[in-house]
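Here's a quick briefing on a multi-domain protein chain. Have a look at the model before reading on.

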Amino acid sequence: AMNNDQYLLEEYKTLQHELYREIVDLLNENDNWKLILSALTQYRVKIYLPVHKVKKMEMGHSPAEEFFEELIIRACNVQHFKELLRLSNLTNILALISEPEPLEILKHPGEDDTVLYMCFNDELYLECEAVGLPPPNYQWYHDNTPLEKQTNPNLRLLNFSLENEGDYYCIASHYIGESLYEVTSHTITVYLMDTIPEFVHQPPTEIIARSGADINLVVQVACNSKYSLQWMLDNLILPGETTSNLTINNVRKDHAGKYRCVAKNSSGEVYTAPCLLKVEYEAVRQKHPPAKIALLIANEKYHNYPHLSTPVNDVILLNEKLTELKFRVITLMNLTRNEMINTINWFFQITPPGSYAFICFIAHGFMLSNNKFIMPVDCPDISEYKMADCICDELLVMKAKENKLKMLVMLFDACLKLPSGDENPHIFEERAPGYFYEPYAGSHVVKIFTAACHQSAYEDPKSINGFYVEHIAKYITRDHPIISNFLLAHEDFAKKKLNKVQTPSITVDGGHKIKFTDEACENSEFVAKFESVVKLNSTYKLNFKNLGIKTELRVFPHRRKILNALDLYFSPQLLPWDITVHISPNVFVFDIKRHNEGLILNIFDLQKAKCDVYITILFGNSEIKDTANVDL
């Protein structure tokens, strides 16, 4: 009996015709026959087919069948064919005509290394080469967990980060009959190389606190690998103070000094700038603030940047919550830089010393030189804007200290991503703004920023409100200290894994016992100043004599909250008539909506008025028209 390997291909074709057809189909697939054609030129007896014959094969119905005939003409036997298949790495075809061969790993991940170090964001590339018949299947594992879609001899992971650290290995397997056989590669442990930490938020350079107050120093670190923190006072280590928050309760004279925090890992260590804590005694303590007042600004409609969808909804939600807390609330939308500056100046002018103030800006923004900036709607485009075109957080701190407010809470709900040096190089040449003021121990400032400096703007198109405002609204009305409410909200925010898109932070300069629920003792002068801005007659009588209609006009701030826009509601009696609107001066944006309950005229940008505003509304049709006058 002759061994199968000794058969000529011509004989084998006749004896194993069905298997021959399967081999031909596999060789036609993806032009695999060309791999054998190339292997012939490297075989022990090199064979080169004429170019015209190869082209003729390519044009044929079954090129592999014609190629097989060329091998038959050259007296190729089964053993020769197997060797050519192995040279061509066509082991799936080789397995059809060969006895099974046991699995063996020829190349292990990492070769002889057992540990590999990766830089952040680099590509991890590992190889595992195994042989056997049938050809092996591959599955890569990370910390004993199969990696989805990683079933090739090569493992590629883009953008390596801390979560990719761990043990990696590969299992090669195949079936012989119904039995599964497996071999496991060596394990290689992959670590993320430490990068030097960077402080993206530091405590203020000076804090003046009264004796008995509570102080909270906060740092925020950007680092793509593990690091440790340590707080120090006058270069002496503070035992146990190894978190991003340093809290000093019941401040005393011996707490005074220079505080610094050091962040370090195997790549090095960095220090914050010294924060000088001065402790003073406060002669008089005021039990109740003379006012609780809030300024909420939502910038949505930008001239040079993408529009935002949730800021107005967010300030309306905050307005409702602050009104529950008996705050006097000013809510505005879509302000230019000059309009924002004028509003801020007016806000601090009418706010009595010793008051609680809450200021919230929801808009586009950025961070530079350790300052945070809010962008007004008329901010120049990305290649031209400067720090001077925007509103800096330190401006509000200066105003609060100058006006001796007891508490200022600032909420910046904005992207704080650093500007790109390629898109806007000149902003890095600009000198950072300086705000100078006399320190005042009785004034406390709490700053809340809803995003870190590496995070871009994020809005969920399915959500009415932004993530942060929707979240904090559940906590802000609680009868607990202001700072505790925000810290609890931030803990819950992190538990819900929202930190992937927003990482809120808080900076505290005293005021740990102050609550938003504290009662205010308002004086008549402050109330009169505030009411002069927000008070609006809501109902007016209208008499259209020509149309024979007597009705009412109801006027409200836009959505009952926004003070620089109006909603005018007309009776359903006027729905059948045509309407024409003229507003003088011609600087406003307006639109008209028809509903079952009546006609609504929305007027926006009222802050642009520099004189009296006249609104003429003409009702009627081609045959009859009429007007009614109202002094708003």
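This is a predicted model: local features need pLDDT of at least 70, side-chain atom pairs count only at pLDDT 80 or more; totals for chains, interfaces and linings use all residues.

Residues are numbered from 1 along each chain as its sequence is written, and side-chain values use heavy atoms, with hydrogens and water left out.

**Overall build**
- The C-alpha trace spans about 120 × 85 × 45 Å along its principal axes.
- The protein has a radius of gyration of 38 Å, whereas a compact globule of 632 residues would be near 26 Å (taken over C-alpha atoms; the globule rule is 2.2 Å times the number of residues to the power 0.38).
- There are 13 helices and 37 strands (DSSP runs numbered from the N terminus: H or I of at least four residues, E of at least two).

**Domains**
- The domain assignment (automatic or database) gives domain 1 (9-99), domain 2 (102-192), domain 3 (198-280), domain 4 (292-529) and domain 5 (536-631).
- Domain 1 and domain 4 have C-alpha centres 74 Å apart.

**Around Val115**
- Val115 sits in strand S2, residues 115-118.
- Val115 is partly exposed, at 36% relative accessible area (buried is under 20%, exposed over 50%, partly exposed in between; 1.4 Å probe, protein chains only).
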